[in-house]
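Here are my notes on the model you sent over. Have it open while you go through the points.

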Amino acid sequence: MGHFGRKPEDGERPGASVAKLNKEIEKGRVVRKSPQELRLKDQTRRLNDLEKRISSTSDPKRREPLYLQYTNLAACCDAEVFSPNEIAGIETYSSLVSQETLHRLDYNRMSGERRDFLPLHHLLKLIDKKIPENKQGDKYIYLLGTTSRNNDTDPSLRNLRALEYFLGTFAGRLIPGQELDLEIDKKRIQVPYSKDTYLTDESPLVKNIRHRLQGRNIPPSPEYNLRRIKDGHYKISANINIVTEERPYIKDGIATKIILSYVMVR
């Protein structure tokens, strides 16, 4: 053992103990990180570790407490570490005026640094998070669909497709045996869990959802109000809207429109 308390490891400077480290800092050869830098680094590490644990956990019941830890940590992290629009599919409403944003969404709606995997009751908690230096009226939104194709010109029909996608996506994130139970424009509907995550017109889950919507007489509409939501065993107090709107858009140098469908917490 050396004077500074331990034998140096391979590749380590001799005497690199606490006392030696302090001396290095005094000489300016090592920069000491501030408490804030250490906190931000720790938050990032914990968030990334939880995301990896969720990804490697196949049992839905074991994932739920990990989802809770991830959401609670993300909700209280510093803005330098986490912002909800890092999750694929989440954007700020104000960003939809930007042609650059619209171009990105037209080609890749699910762009984002972090994966979109949270169940509805957790995702809405992050969407409802206040935007730093919030512009009046600005909110986070969760995108359900975008298109600039000329044959998709009916926002009401597109919004019905967005509602189907919403119900299918979040029913698929439940624990098997549970259901998504909610009121759509004052009409109650339940969608059970399904492992079918590939949502097309021919998907059994989509056909089942369409049958349920038709049975409850829920027609195409440019906006739906969803309330009294129960995501499995979890009651959601927030009311949300599913909205489809058109935005002016320049595509390949030609003035056109892009249709956007999204979820917004009221």
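1. Start at Ile184, which has contacts (heavy atoms within 4.5 Å) with Leu163, Leu167, Ile189, Leu213, Ile218, Tyr224, Asn225 and Leu226, leaving out residues up to four places away in sequence. Bear in mind that this is a predicted model, where local features need pLDDT of at least 70, side-chain atom pairs count only at pLDDT 80 or more, and totals for chains, interfaces and linings use all residues. Numbering runs from 1 along each chain as its sequence is written, and side-chain values use heavy atoms, with hydrogens and water left out.

2. Ile184 also turns up in the largest nonpolar core, which has 51 residues; Phe166, Leu167 and Ile184 have the most contacts inside it. A core here is a set of buried Ala, Val, Leu, Ile, Met, Phe, Trp, Tyr and Cys residues joined through side-chain atoms within 4.5 Å, with buried meaning under 20% relative accessible area (1.4 Å probe, protein chains only). Helix α6 (residues 155-171) gives the most to this core, namely 7 residues. Another core, of 11 residues, lies apart from it and includes Leu96, Leu105, Leu143 and Met264.

3. Now the strands. Helices (H or I, at least four residues) and strands (E, at least two) are DSSP runs, numbered from the N terminus, and two strands pair if DSSP finds at least two bridges between them. Strand β8 (residues 254-265) runs antiparallel to β2 (residues 140-147), with 6 bridges; Thr147 stands opposite Ile259 of β8. β7 (residues 240-251) is also antiparallel to β8, through 12 bridges, and Ile242 has Val263 of β8 as its bridge partner. In the β7-β8 hairpin there are 2 residues between the strands, and Asp252 takes a positive phi near 55°.

4. Is Thr71 buried or exposed? Thr71 counts as buried because its relative accessibility is 0%. It sits in helix α3 (residues 60-76) and touches Leu118, His122, Lys125 and Leu126, again not counting residues up to four places away in sequence. Two of those names, His122 and Leu126, are among the buried residues of α5. Helix α5 (residues 120-127) is mostly covered, with 7 of its 8 residues buried.

5. Last, the rings. Phe, Tyr and Trp rings (six-membered ring for Trp) pair if their centres lie within 6.5 Å; planes under 30 degrees apart count as stacked, over 60 as edge-to-face and the rest as tilted. That rule gives 5 aromatic pairs, and ring pairs link Tyr67, Tyr70 and Phe117 into a cluster.

Methods:
Buried means under 20% relative accessible area, exposed over 50%, partly exposed in between (1.4 Å probe, protein chains only).
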